[in-house]
Amino acid sequence: VINTCQTLTSNAAVLTINLLPSIATQPVSAMQCEGTDITLSVLANNASSYQWKKNGSAIGGETGAELVLNSLAAADDANYSVDVINSCQALTSDIASVTVNLLTVINAQPVSQSACPGSDVTFSVEASNAGSYQWKKNGSDILSANSQDLTLYDVSAADEAYYTCVVSGICNEEISSQAGLTISSFLVIENIESQQACENESVSFVVTANGPDMSYTWKKDGVALVDGGNISGVGTSELIISVLSSSDEGEYSCYVVSSCGNAESNQASLTVAAPVAIVSQPESLINIETGQPAAFSISTTGTGLTYQWKKDGVNLADDANISGSNSAELSIISVSLADAGEYTVVVTGFCGSTESEVANLSVLPTGIEQKLVTAVNIYPNPATDFTKIVVSASGNIIVNFKLYNVCGQEVAVMTEYENSGEEHIFTLNVSQLKKGIYFVNIETGKELIIKKLVVE
């Protein structure tokens, strides 16, 4: 600084030239898979600080030359840039795009199925971020099966297998769970057996069927049954009918519905057998002369009846003089004294058996004047201590009694205890006799009547 007096020099001033920032290496776009890590970086000159941005907005705390993104997710898919800053200028880098390829995920697995022969079956898989599909059968690739649906046409037993699908994407592949295919048989029904049962019993019909997803409808005489009363199980494989009566007789069948066809069984008959019953008992025949015919008959009801006539507890058989020993009428062609005795018949049917009351046959020798015996009663019978034998006759006759065991041995001869004209009463002490069956021979001199006595 100069004037007339002097020249004055100032302090020195230093001039510094700050260079503008420049970017030597721009951040580079990248494509990465979900879950991986990525680093974006910039190489700059004359930079004093940095600010990374995502889609144009500053990312808090990211002020270095590198931006690290850990465990990439869909939200990280964006455009990134960085501002290179110094005192003179903030310079923005080129945009680096980060593309996040998401993992392939199976959202819906294929489902196991049952199918009828000849039908079509489709297996499906639902996946996100899928690029390709490959279906497999029991682990082996199926040719041209490369979509999310696998359709099998006109299936047969050869198609029974486990099916899977390999779903592939850019980053990974996923294998579906196994889906089984079962080929069901067409509906087959076995025959139902006809049955016969007695009144008040219970019976059941069972249908055996082979098929998938079956339902049942039982019918009687072609009409669908409903549960109630003595009927149950109409919607199951077993129909139960309890407390049978004649109204339950009919033709029973079962209609079966399945996913592989419908069919109706054969008709099975139910016959309700009536109990064995004697409507009319055989009647005693008194004082039949030797050489004359004699016949006993019985009237019965029941199902499947057979007959066995007995004399004095012993089964009779047809011979030259006897016929009908196994029928409802027993005939003796020519009566002899040996035919006298007690006759019964055992009636056997499907629903049990019963024995008739005793019918007596008394025989007179031919040519002897008849003193008719009108009734013979023994009571009590069976007896324990004493029993009375009462003979009623149409005339004044002499009566003798003899007691024989089953071996034909004479056990006792009884004397008349009380005689009131046409009624003859004898009292017999049986307390000393062995328990068993005995036969009382009633002799009048003109006829012989044999009665059975039981000692208990």
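1. Phe296, Trp309 and Tyr343 form one aromatic cluster, where rings of Phe, Tyr and Trp (for Trp its six-membered ring) are taken to pair if their centres lie within 6.5 Å, and planes under 30 degrees apart count as stacked, over 60 as edge-to-face and the rest as tilted. This is a predicted model, in which local features need pLDDT of at least 70 and side-chain atom pairs count only at pLDDT 80 or more, while totals for chains, interfaces and linings use all residues. Residues are numbered from 1 along each chain as its sequence is written, and side-chain values use heavy atoms, with hydrogens and water left out.

2. The structure holds four aromatic pairs. In one of them, the rings of Phe123 and Tyr163 have centres 5.2 Å apart and planes at 25°, so this pair is stacked. Because Phe123 lies in strand β13 (residues 121-124) and Tyr163 in strand β18 (residues 161-168), the pair ties together parts that are 40 residues apart in sequence; strands here are DSSP runs of E with at least two residues, helices are runs of H or I with at least four, and both are numbered from the N terminus. Phe123 and Tyr163 are buried, a word that stands for under 20% relative accessible area, whereas exposed stands for over 50% and partly exposed for values in between (1.4 Å probe, protein chains only).

3. A further pair is made by Phe296 and Tyr343, whose ring centres are 4.9 Å apart and whose planes are at 25°, so these rings are stacked too. Phe296 in strand β34 and Tyr343 in strand β40 (residues 341-349) are 47 residues apart, so that the pair links distant parts of the chain. Both Phe296 and Tyr343 are buried.

4. On the overall form, the chain has zero helices and 50 strands. Its radius of gyration is 58 Å, well over the 23 Å that the globule rule gives for 456 residues, so the chain is more spread out than a compact globule; the radius is taken over C-alpha atoms, and the rule is 2.2 Å times the number of residues to the power 0.38. Taken along the principal axes, the C-alpha atoms fill a box of roughly 210 × 50 × 35 Å, and 36% of the 456 residues count as buried.

5. Strand β34 also belongs to an open sheet of three strands, with the order β34-β39-β38 and antiparallel pairing. Its edge strands are β34 (294-297) and β38 (322-323), each of which pairs on one side only, and two strands are said to pair if DSSP finds at least two bridges between them. Strands β38 and β39 (residues 329-332) run antiparallel and are joined by two bridges, with Ser323 standing opposite Ser331 in β39.

6. Strand β5 (residues 49-54) pairs in the antiparallel sense with strand β8 (residues 78-85) over six bridges, and there Tyr50 has Val84 in β8 as its bridge partner. Strand β5 also pairs with strand β6 (residues 57-58), again in the antiparallel sense, over two bridges. The hairpin of β5 and β6 has two residues between the strands, and in this hairpin Asn55 takes a positive phi near 50°.

7. Some backbone details deserve a careful look, since most residues other than glycine have a negative phi, and most peptide bonds are trans. Ser144, although not a glycine, has a positive phi of about 65°; Ser144 is found in the loop between β16 (140-141) and β17 and is exposed, with a relative accessible area of 65%. Asp213, likewise not a glycine, has a positive phi of about 50°, lies in the loop between β24 (209-210) and β25 (215-220), and is exposed at 66% relative accessible area. A cis peptide bond joins Tyr379 and Pro380, with omega about -10°, and another joins Asn381 and Pro382, with omega about 15°.

8. Which residues line the largest pocket? They are Glu342, Val358, Ile378, Asn381, Pro382, Lys451, Lys452 and Val454, and Pro382 among them lies in the loop between β43 and β44. Strand β50 (residues 448-455) gives the most to this lining, with three residues. A pocket is found on a 1 Å grid over the protein atoms alone, as an open set of points where a 1.4 Å probe fits, with protein on both sides within 12 Å along at least five of seven lines, and lining residues have an atom within 4 Å of a point.
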